[in-house]
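I am keeping these notes as I go through the model. Each entry records what I looked up and what I found.

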Amino acid sequence: MIAYTEEQQSMATSIDADVERRHWFDWRWHIKHTIRDIATFERLLGVEFEPEERRDLEETAARFPLSITPYYLSLIDRENFRQDPVYKQAFPVSQELQVEPHDMADPLHEDQDSPVPGITHRYPDRVLFHVANVCSMYCRHCTRKRKVGDIDSIPDRTIMQAGIDYIRETERVRDVLLSGGDPLMLSDDMLDWLLTELRAIPHVEVIRIGSRMPVVLPYRITPELTAMLSRHHPLWLNTHFNHPVEFSPASRQALRRLADAGIPLGNQSVLLAEVNDCPRIMTSLVHKLVASRVRPYYLYQCDLSEGLTHFRTPVGKGIEIIENLIGHTSGFAVPTYVIDAPGGGGKIPIMPNYLISWSANKVVLRNYEGVICTYREPDDYPSRFCDRKCATCNLQLDTGDSYEHDPLGISKLLADYDETFSLVPQDNERLERREDEE
Ligand SMILES: *Cc1c(COP(=O)(O)O)cnc(C)c1O
């Protein structure tokens, strides 16, 4: 049985005089009672803002709405709430209204890479499918901040059908990521229907769900939900813990239920100034994740979305964190640090440099301790020409069930079987001049 602390009880009673114990553990009660205004927040947390600050906060919340579940609110340390990582992720600050010249509403061009409403198709073999435009809690650092609170509704089946049809017609899509909003805002029945539709598409190999429910409303992870999800394997789930204080008996139980249902779990954190921009905090976070069978997947550099200025760190902070993880702790506890490229370039991995130098037959490397060593490369590697005629190659590959793709990007430059020897930006002046001369 999960604890129902005295603090939670008194908070629940101030929200809803008729509350019973069972309500606190009912996710729908939390959705119904999400905190959406400054005054309620003050009352529940027993704090009071100066009139001027309250005015600023209300102005900010009018532009970027606020929504916190009672559960997530109950994690805030009220004695020291201004420094609290949960408070900072959930509560507006007036700096959000400072839009910098390089900020963008949609830095990742998700709307432009969208063939049908709800789908972002960026990479060759996988799509992002926005199946809900609501969340139980609005992260202040949301990259889709422009959309938060737009239309507080769940798309109906006819809208989702367009996305399903696109996936069915696009045979290269082997991986579907359900995102949003939070897909777990859908009812179990609706999700079951959606997963059944997707599963019926032969080329869809894996389905992934991106959800912050284990962190902000762990009671959503009911035995009924996990039983339903486990009927749609292979199904993966990525969640979003940013700080060790987000671990509670309830969140651990949610993760346990998901893992026990055979769902591989991953975590995507965002590097946030004054929240988790510290190697020690990050080490503690990844250790808690792996202890709950969650693999740290990505650590994101904060996007250039509007309203996130105060959360951004230099890229060097992320590299420093990764430097403090690699070698120092279990390999599977280290996430890949990525920058999601503005303009829709996708996620680009960033790493400390380990390769120091290189000769014709040796590489010079350094390890996490600063020890410098060499690796002697083979003298007689049979550098065979790959003509991509895999059926006649000595290496054994079942070409029938292996994914075939056209060469693309840098892999195209590396390929023996492709004639391309350079990639040239569209607006290269030198080449434009050449064309003019012709
Ligand atoms: C992140 C993302 C994906 C998935 O990327 P992975 O690296 O496979 O996790 C797919 N589509 C879009 C648009 C994304 O932003």
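**Entry 1: domains.** I began with the domain assignment, which gives domain 1 (6–96), domain 2 (119–349) and domain 3 (390–400 + 407–437). The bounds come from an automatic or database domain assignment. I looked up the separation of two of them: the C-alpha centres of domain 2 and domain 3 lie 33 Å apart.

**Entry 2: ground rules.** The model is predicted, with local features needing pLDDT of at least 70 and side-chain atom pairs counting only at pLDDT 80 or more, while totals for chains, interfaces and linings use all residues. I number residues from 1 along each chain as its sequence is written, and side-chain values use heavy atoms, with hydrogens and water left out.

**Entry 3: nonpolar cores.** I use "nonpolar core" for a set of buried Ala, Val, Leu, Ile, Met, Phe, Trp, Tyr and Cys residues joined through side-chain atoms within 4.5 Å. Buried means under 20% relative accessible area, exposed over 50%, and partly exposed in between (1.4 Å probe, protein chains only). The largest core has 93 residues, and those with the most contacts inside it are Phe41, Tyr72, Phe129, Ile167, Leu178 and Leu194. Its largest share, six residues, comes from helix H9 (residues 188–199). Helices (H or I, at least four residues) and strands (E, at least two) are DSSP runs numbered from the N terminus. Domain 1 (6–96) and domain 2 (119–349) both contribute residues, so this core lies between them.

I then listed the surroundings of Leu194. Setting aside neighbours within four places in sequence, Leu194 is in contact with Phe129, Val131, Met160, Ile164, Leu178 and Leu186. Contact here means heavy atoms within 4.5 Å. There is also a second, separate core of nine residues, which includes Val275, Tyr298, Cys302 and Leu308.

**Entry 4: the ligand site.** Which residues are around the ligand? I find Thr120, Arg122, Tyr123, Arg126, Leu128, Leu177, Arg208, Tyr297, Tyr298 and Lys347. A residue is listed if one of its heavy atoms lies within 4 Å of the molecule. Strand S1 (119–123), strand S2 (126–130) and S7 each supply at least two residues of this shell. S1 gives the most, with three residues.

I next looked for polar contacts, meaning pairs of N or O atoms within 3.5 Å; within protein, one atom must be able to donate a hydrogen and the other to accept it, and residues adjacent in sequence count only if both atoms are side-chain atoms. A polar side-chain atom of Arg126 is 2.7 Å from an oxygen atom of the ligand. For Arg208 the corresponding distance to a ligand oxygen is 2.8 Å, and for Tyr297 it is 2.5 Å. The protein covers 91% of the 380 Å² of accessible area that the ligand has on its own. Accessible areas come from the Shrake-Rupley method with a 1.4 Å probe; for residues, only the protein chains shown count as cover.

**Entry 5: Thr120.** I picked Thr120, one of the residues around the ligand. Thr120 is in strand S1 and counts as buried, at 5% relative accessibility. Beyond four places in sequence, Thr120 is in contact with Glu110, Asp113, Val127, Leu128 and His130. The backbone oxygen of Glu110 lies 3.4 Å from a polar atom of the Thr120 side chain.

**Entry 6: Ser305.** Is Ser305 buried or exposed? Ser305 is buried, with a relative accessible area of 1%, although its place is in the loop between strand S7 (294–300) and helix H14 (315–323). Not counting residues up to four places away in sequence, Ser305 touches Asp103, Met104, Pro107, Cys142, Thr143 and Arg312. A polar atom of the Ser305 side chain lies 2.9 Å from the backbone oxygen of Thr143.

**Entry 7: backbone checks.** I noted a cis peptide bond from Gly180 to Gly181, with omega near 15 degrees. Gly181 is in the loop between strand S3 (175–179) and H9. A cis peptide bond also joins His233 and Pro234, with omega about -5 degrees.

Arg293, not a glycine, has a positive phi of about 65 degrees. Arg293 lies in the loop between helix H13 (279–291) and S7 and is partly exposed, with a relative accessible area of 45%.
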